[in-house]
Amino acid sequence: MDQNIVLARLANFGIRGIVYNWFKDYLYDRKQYVCISGTNSECGKITCGVPQGSVLGPLLFLLYVNDTGSSLPHYLKRFASDTNLFIFNNIVEDLQVDAMDKILLLNNWFVAN
């Protein structure tokens, strides 16, 4: 999840000023390390995503993926962090073509985001 895109989406929803800066501080300059048997790795900078287990994480994720299906509104169903693509057709060949078309539309969103 690109942090710049999350912040742009927040701004599009009207989040600005102090609250916007609070989200920016929350998302940027985070670090992590791994500890195994008492030995710590070096700290690495986190450049994407939100803190796991955070209260805001699911909300920010939903804001991030909210427009995933803007070009496929009747074909996508979402629940929590799962997204399902539903395509129906009685003719297998048409189903394959339709599936490829929808997957390419989704791929365009993924590439852009």
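To follow the packing, you need two ideas: axes are lines fitted to C-alpha atoms, for helices over the stretch in contact, and angles run from 0 to 180 degrees between N-to-C directions. Helices (H or I, at least four residues) and strands (E, at least two) are DSSP runs, numbered from the N terminus. This is a predicted model, in which local features need pLDDT of at least 70 and side-chain atom pairs count only at pLDDT 80 or more, while totals for chains, interfaces and linings use all residues. Residues are numbered from 1 along each chain as its sequence is written, and side-chain values use heavy atoms, with hydrogens and water left out.

Helix 1 (residues 3–12) packs against helix 3 (residues 56–65) at an angle of about 85°, and their axes are 9 Å apart. The two helices are therefore roughly perpendicular (the word for angles of 65 to 115 degrees). Contact means heavy atoms within 4.5 Å. On the helix 1 side, Ile5, Val6, Arg9 and Leu10 meet Leu60, Leu63 and Tyr64 of helix 3. Six of the residues in this contact are nonpolar, one is charged and none is polar. Here Ala, Val, Leu, Ile, Met, Phe, Trp, Tyr, Cys and Pro count as nonpolar, Asp, Glu, Lys and Arg as charged, and the others, Gly among them, as polar.

**The nonpolar core**

A nonpolar core is a set of buried Ala, Val, Leu, Ile, Met, Phe, Trp, Tyr and Cys residues joined through side-chain atoms within 4.5 Å. Buried means under 20% relative accessible area, exposed over 50%, and partly exposed in between (1.4 Å probe, protein chains only). The largest core has 13 residues, and Val6, Leu7, Leu10, Phe23, Leu27, Leu60 and Tyr64 touch the most other members. Helix 1, helix 2 (17–27) and helix 3 each give two or more residues to this core, with the largest share, five residues, coming from helix 3.

| Residue | In contact with |
|---|---|
| Leu7 | Tyr20, Phe23, Lys24, Leu27, Tyr28 |
| Lys102 | Leu72, Tyr75, Leu85, Ile87 |
| Asn113 | Ile5, Arg9, Tyr64 |

Is Lys102 buried or exposed? Lys102 lies in helix 4 (residues 92–112), and it counts as buried because its relative accessibility is 10%. Asn113 sits in the segment after helix 4 and is partly exposed, at 21% relative accessible area.

Note on methods. Parallel < 35°, antiparallel > 145°, perpendicular 65-115°, else oblique. Lists of a residue's contacts leave out its neighbours within four places in sequence.
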